Amino acid sequence: MTPKDTETRLRGLLKAEAERAIDLCARMVRIPSENPPGDTRDIARFSHEYLEGAGLECRTVAPQEHMPNVVATVKGDLPGPHVVFNGHLDTFPVADRSRWNYDPFGGRIEGGRLYGRGACDMKGGLSASMIAASLLARVRDQLPGRVTITLVSDEETGSRWGARYLLETHQDLWGDALINGEPSSPFNFRVGEKGMFWFRFRSLTPGGHGAYVKIRQNAIQVVLNLLRDLLAFGDRRAPVPRVVVEMMNEAHQCFDGLLGPGATDACLSASANVGTIAGGTVVNMVPEHCEVEVDFRLPAGVPEQYLRDFLAEVMIKHPGCDMEQLHATPATLTDPGSLLVSVARRTAEEIRSHPVYPTISIGGTDCRHWRLRGVPAIVYGPHQHNMGSADEYIEVAELPDVVAMQTLTAYRFLTGWPSVPRR
Ligand SMILES: [Zn+2]
């Protein structure tokens, strides 16, 4: 059998079974996994049994008892690389249930839409990956290398016990390529993410009586002066690599159409946002304390050092202030010219019969943990509707195409495509 024959087998399986992702997604939506509190034991048990039933070798890795991660593998009979699928089992909480017109845990399908908490983030894309892995298991006698699916917990609250833990403790799960089903859309897939850095800036002064303003330093005024310089970060032209600019320019119309005017610019720009401010005691005192928290974002492909250099330059001009880092997630990028990205693009365009663009994510996903280890990673999932709010839903017709794109991209990557002849 040639790889082309195996693809024909896979296409037959996809035709017959890709739609199973819709029912699987509905069943998964019916198992609550809100985070917080983040207890994913029920949905992990369900997924474990499902994948075991599909012939994958399953294990559970649970550094926290109530946040298990499921790892399922299929080894092909031929030598080859390792493709890893990843998705998270936890969801945002339902919040105010009275705002929902549909039961958030009903998994109801109506008018071509599947409603429920987690339908788009990300039980839809995760169901697609589960079906993809189970179909690849069906051709294991002709499969090069290995396919693993990692279903993780704790994504919505930082991944400490999910993807981050798995990759720190299981180097065999890094793989050679990563496919994630977080929402994107049928028209684009994601190859990078912006970086996010949170800092607290503080000024402490002796303060004093409010009548003595000329001879007492005002902590709020000191911080306001600093802020003026910090916020200028967003006006600077960040050194975004040319490949990223060209990629986003190509997708510009599609991307802004999906996410709103200005989305492309937001991907290509650095930003600084003051999120909190606190200071002073009463109106008739010169404040002795003021602090602000600022969220800096960096475009994909821009190194963290760009921000560090900027901060060093600013802080030297404001000796009355100190700075503390609260959080750091570097920007990540998979080379738009890499094998995974070109396979994914060609495969998606074949399935959809329209252009499908590689783009950047504005928000964050667990892909970053793989990219930071040098593993190419893409996101391809259904388009999101009402993500994180009431009546979250996906269009069910998109799911079988997500299954097909993920299955064939994984298979073609494993065969070392483009050695697979074009149809
Ligand atoms: Zn998500």
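A residue counts as buried when its relative accessible area is under 20% and as exposed when that area is over 50%. The views below come from a predicted model.

**View 1. Thr 264, a buried residue of helix α8.** Thr 264 is found in helix α8, which runs over residues 263-268. Its relative accessibility is 2%, and Thr 264 therefore counts as buried. When its neighbours within four places in sequence are left aside, Thr 264 is in contact with Met 248, His 252, Phe 255 and Asp 256.

**View 2. The largest nonpolar core.** The largest nonpolar core has 101 residues, and those with the most contacts inside it are Phe 201, Leu 230 and Phe 296. Helix α4 (residues 119-138) contributes the largest share of this core, with 12 residues. Apart from this core lies another one, of 14 residues, among them Leu 167, Cys 367, Val 375 and Val 379. In a closer look at Leu 230, and not counting residues up to four places away in sequence, Leu 230 touches Phe 201, Ala 272, Val 294, Phe 296, Phe 310, Leu 311 and Val 314.

**View 3. Helix α9 and what covers it.** Helix α9 (residues 304-316) has 13 residues, which at 1.5 Å a residue should span 18 Å, and its end C-alpha atoms are 19 Å apart, which agrees. The buried residues of α9 are Tyr 306, Leu 307, Phe 310, Leu 311, Val 314 and Met 315. Seen down the axis of α9, these buried residues fall within an arc of 155°, so they line one face of the helix. The elements that cover the buried residues of α9 include the strands β9 (195-204), β13 (289-298) and β14 (321-329), together with helix α6 (219-231).

View 4. Helix α1 (residues 3-17) has 15 residues and reaches 20 Å from its first C-alpha to its last, close to the 21 Å expected at 1.5 Å a residue. In α1, the residues Thr 6, Glu 7, Leu 10, Leu 13, Leu 14 and Glu 17 are buried. Down the axis of α1, the buried residues fall within an arc of 120°, so they line one face of the helix. On the other side of α1, Thr 8, Lys 15 and Ala 16 are exposed. Helices α2 (20-29), α4 and α12 (398-414) are among the elements that cover the buried residues of α1.

**View 5. Ala 404 in helix α12.** Ala 404 lies in helix α12 and is buried, with a relative accessible area of 11%. Leaving aside neighbours within four places in sequence, Ala 404 is in contact with Leu 14 and Ile 351. Although Ala 404 and Ala 132 are 272 residues apart in sequence, their C-alpha atoms are 7.3 Å apart in space.

Notes: Residues are numbered from 1 along each chain as its sequence is written. This is a predicted model: local features need pLDDT of at least 70, side-chain atom pairs count only at pLDDT 80 or more; totals for chains, interfaces and linings use all residues. Side-chain values use heavy atoms; hydrogens and water are left out. A nonpolar core is a set of buried Ala, Val, Leu, Ile, Met, Phe, Trp, Tyr and Cys residues joined through side-chain atoms within 4.5 Å. Buried means under 20% relative accessible area, exposed over 50%, partly exposed in between (1.4 Å probe, protein chains only). Helices (H or I, at least four residues) and strands (E, at least two) are DSSP runs, numbered from the N terminus. Contact means heavy atoms within 4.5 Å. The expected span of a helix is 1.5 Å times one less than its number of residues. The arc is that of the directions from the helix axis to the C-beta atoms.
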